[in-house]
Amino acid sequence: MLAGALPFPIVAIEAPSARRRPIDEASNALARRAASGDRRALEALLREHARAIGDVCRVIAGPEDGKDAAQEALEKIVVAIRSFDADKGSFRAWALTVARNVCRDRLRRRGLERRLFEDPGEDGMVHVMSEAPDAERVTYARIESRKLAAALETLPEAMRLAVVLFHVHEASYEEIAAALGVPMGTVMTWLHRGRKRLRAAVEAANGEGGA
Amino acid sequence: MTSPKEDPAREVSERELLAAVDGRRDLVGDALRDALADDDDLGAALDALRDERDALSVALKRAQPELGGLDADDVSELVARAMAKADAPDEVRISPRGLGWGALAGGLAVVSSAVAWVALQGSPTAPLSQVSQSLRLLWSLGATLDRVVAMLPGAWTTVAAVAFVIGTGLLWGLKAIEHGKRIVLPAAGALLCVWTLGAAQAHAYDVEGPWPAPDPLVEVDVVAQPLPAALEAATRSCGLGLVYGLDDTRLVTLHAHGVPLREVLDAMLGPSAAVVRFTGHMLVIEPRASSVGATAEPAPANASPSAPVVTQPVAAAAPLATAPVPGVRLEDVLTFGGDAHVPAGRDVREVVTMGGDARVEGRAFGNVVTMGGDADVAGVVVGDVVTMGGDIRIRPSGVVHGQLQSMGGDVVREDGGASVSSGSFAFPGAIPPAAMAVPRHEDGEGAGFFALVVQTAEAGLRYALLFLGALLFAFFAPERFGRLHQAVRRAPLRSIAGGAVGMIAGSLLTLVLCITIIGLPVAFVLVVSAFVAACAGLATVAHLIGQALPLRALEDKPVLRLGAGILALFLVTRVPFFGWLAFLLALAIGLGAVLLTRFGRNDVAVDP
């Protein structure tokens with residue numbers, strides 16, 4: 001009854017949780033303190049984001065050079081923290097952008113520069129009902145970590161990185177887009193297709209396991 | 001009948017669907033909203049997708065060790081190393097290739113700006129002329145200060161004592177800023193020695209009355225002659241007579257050709273407690289009133305009696321420039337906080353105002369100096385006219401034989417109702433009203449624009465040289481450059497404070513050292529050190545500016561950053577008034593960093 005009186009339809013969409021906000025205010029507050037010379041805040045900030053930076057570096061610079069690239073990125077963040085402007089975006093996006101630039105520079109120096117993040121193509125249309133997973137098909141809760149990791153490896157690098165940043169490091173679409181230097185729509189497509197592919201890969205793995 | 005799965009209305013974009021699942025309401029379109037509002041099954045389907053998303057997140061986090069990412073030990077190690085970087089000097093390393101390209105670009109900038117500057121000046125010797133004018137300005141200011149101080153009780157001894165107290169206080173302040181301890185006591189001891197000795201030696205002989213302008217040139221060769229005879233030969237060569245009343249008859253050898261008389265007197269009289277007076281055709285040298293009876297130096301055994309030596313001027317000598325009536329003792333005009341006025345028909349020596357204007361309608365045989373006021377010349381000024389923070393206005397009847405120097409003000413010449421305005425000029429030599437004009441351009445607007453172009457070319461040359469110097473400094477002493485960089489970044493407030501205190505203390509110390517004869521070598525070293533420190537500080541600030549510029553092309557390119565920063569500094573300092581303030585700020589912060597780090601040797605803690 002009430003819904004009919006409203007000029008817009010009531011849509012049952014989950015409210016964005018704090019961790020999915022475009023800007024992570026907690027990290028930004030810490031970054032402000034770090035930028036003003038607070039060593040503890042800086043260290044806490046590095047610890048919080050080191051893994052995400054490591055994952056970005058591992059994907060872009062490669063598994064062999066990833067750790068060194070992450071080290072260089074963290075050092076750059078330490079040196080450049082004063083230039084971080086919390087009003088312009090989130091610290092996570094800034095830090096991941098620093099990491100991406102470090103990796104690209106390292107690749108360029110070694111003559112290995114490559115186009116990593118290809119456009120995934122047009123935003124495809126899907127039938128909503130067919131997207132809904134069956135209760136029997138979703139088996140993430142029971143899958144072994146090793147199998148999940150292997151399934152993740154089957155994704156293209158950029159898609160894999162977007163999935164990891166979103167699901168593991170709780171980055172928002174905007175932060176991932178800023179960090180990888182691609183449009184937000186591209187990130188969303190990667191995430192959508194990444195989930196789909198992972199689901200398929202996990203189902204296949206479960207099927208093999210069960211067989 | 002169409003099944004729900006095939007219903008075209010249920011077809012939405014991948015991105016919209018993802019946004020709906022992830023709760024990004026702002027990214028969901030109207031079509032999907034409508035569908036969700038109409039269809040409960042669709043809502044249930046989205047809930048299922050959300051559950052799947054959450055399950056995936058949990059599973060991926062659990063599987064993180066298997067994903068090949070950093071483990072806890074890796075994170076600790078990387079963070080520890082990165083934090084060590086926070087304590088290390090900033091890294092500003094210039095490669096040999098960068099140095100080469102930078103030197104080439106800087107060299108081209110130096111050559112082009114120097115050529116432009118010299119061409120605009122209209123004479124290849126113009127730069128040298130400017131240097132000589134600057135030195136003369138310093139001399140004028142020093143001489144004026146000497147006159148002012150002579151009026152104080154205790155003269156330079158009082159000034160030295162006050163300067164010592166102030167200087168020590170400033171150094172203590174610097175110490176408090178820097179958190180260091182080792183500099184203060186030795187520095188204070190050295191200052192005490194220098195100032196005490198300097199005060200005792202300061203201007204042992206004094207000059208009274210106007211001094212001829214231009215200074216007569218001495219042409220003489222005497223070997224092992226008594227001082228009076230040597231002085232007589234020197235003054236005779238300039239067409240002057242001599243009255244000599246000192247006991248000092250030591251033997252001297254003098255070879256002087258084209259040397260100004262004042263320099264000859266400096267060399268020969270040195271520490272003698274004497275008064276030298278120029279009367280128009282005669283030079284009178286007699287014991288200072290306070291020291292009559294107290295001989296500065298014992299006369300040699302073979303000295304002649306101390307009767308005054310009187311010689312007549314050479315009959316054929318040409319009269320010197322504007323001179324007062326012989327025998328008239330001229331007074332100085334000194335005001336604090338008020339205006340100074342020399343009415344028509346009155347002759348004075350120096351005119352000095354602090355916080356007031358000076359108006360000369362009569363004749364001033366010394367310099368006219370104003371601090372914080374304007375100078376208005378409608379009469380004759382034999383010396384220089386110097387204003388600090390004020391304008392110089394020359395009336396149609398005004399004549400200035402010396403230079404015009406306006407620091408922070410304009411030089412305005414009125415010529416029959418029309419006035420010519422310029423920034424800051426020095427006019428060497430006697431300037432009759434008709435000849436006194438802004439160089440090269442006669443019209444007012446053209447003169448102002450031309451002056452601006454000349455100043456810009458000159459400033460361009462200075463900044464190009466700064467770039468080359470900074471390049472060499474950063475290449476050969478990257479760690480020191482990095483520490484300066486770090487000091488400005490970590491402690492900007494203390495750098496500004498340290499720089500300001502350093503500038504005040506340095507200026508004070510240099511002034512005292514310059515005026516005291518014994519301190520001149522120390523003053524020279526101090527000035528050179530301050531110049532180098534200022535250049536290093538400005539280079540540091542310029543690099544930081546370059547680093548802060550939001551240009552991707554400058555990332556990891558210290559030479560380009562340096563160049564861009566110096567260019568930005570150059571452009572900012574071209575802005576009237578604000579530019580000067582910006583330059584002072586940059587100088588203070590850079591100099592402060594140099595002082596706080598002991599020229600890049602020590603690290604500086606973060607500002608509290």
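Predicted model: local features only at pLDDT ≥ 70, side-chain atom pairs only at ≥ 80, totals over all residues.
**View 1. Packing of helices α3 and α5 in chain A.** Two packed helices are described by the angle between their axes and the distance between the axes. Helix α3 of chain A spans residues 39-61 and helix α5 of chain A spans residues 91-109; their axes lie 9 Å apart and form an angle of about 35°. The crossing of α3(A) past α5(A) is right-handed. On the α3(A) side, the contact involves A:Leu45, A:His49, A:Ala52, A:Ile53, A:Val56, A:Cys57, A:Ile60 and A:Ala61. Their counterparts in α5(A) are A:Phe91, A:Arg92, A:Ala95, A:Leu96, A:Ala99, A:Arg100, A:Cys103 and A:Leu107. Of the residues in this contact, 13 are nonpolar, one is polar and two are charged.

View 2. Side chains of opposite charge can pair when their charged atoms come close. Here the side chain of B:Asp74 forms a salt bridge with that of A:Lys67, at 3.0 Å from N to O. Over all chains, the structure holds 24 salt bridges.

**View 3. A nonpolar surface patch in chain B.** The patch is formed by B:Phe524, B:Val525, B:Val528, B:Phe531 and B:Val532. Together these residues have about 500 Å² of accessible area. One of them, B:Val525, lies in helix α14 of chain B, which spans residues 520-548.

Definitions and conventions. Residues numbered from 1 in each chain as written. Chains lettered and ligands numbered in written order. Heavy atoms only, no water. Axes fitted to C-alpha atoms, helices over the stretch in contact; angles between N-to-C directions. Helix = DSSP H or I, 4+ residues; strand = E, 2+ residues; numbered from the N terminus. Left-handed = near helix turned anticlockwise from the far one by under 90°. Contact = heavy atoms within 4.5 Å. Nonpolar A, V, L, I, M, F, W, Y, C, P; charged D, E, K, R; others polar. Patch = residues over 30% accessible without salt bridge, like charges linked within 9 Å, V, L, I, M, F, W, Y side chains within 5 Å. Areas by Shrake-Rupley, 256 points an atom, 1.4 Å probe, with all protein chains shown as cover. Salt bridge = Lys/Arg side-chain N within 4 Å of Asp/Glu carboxyl O.
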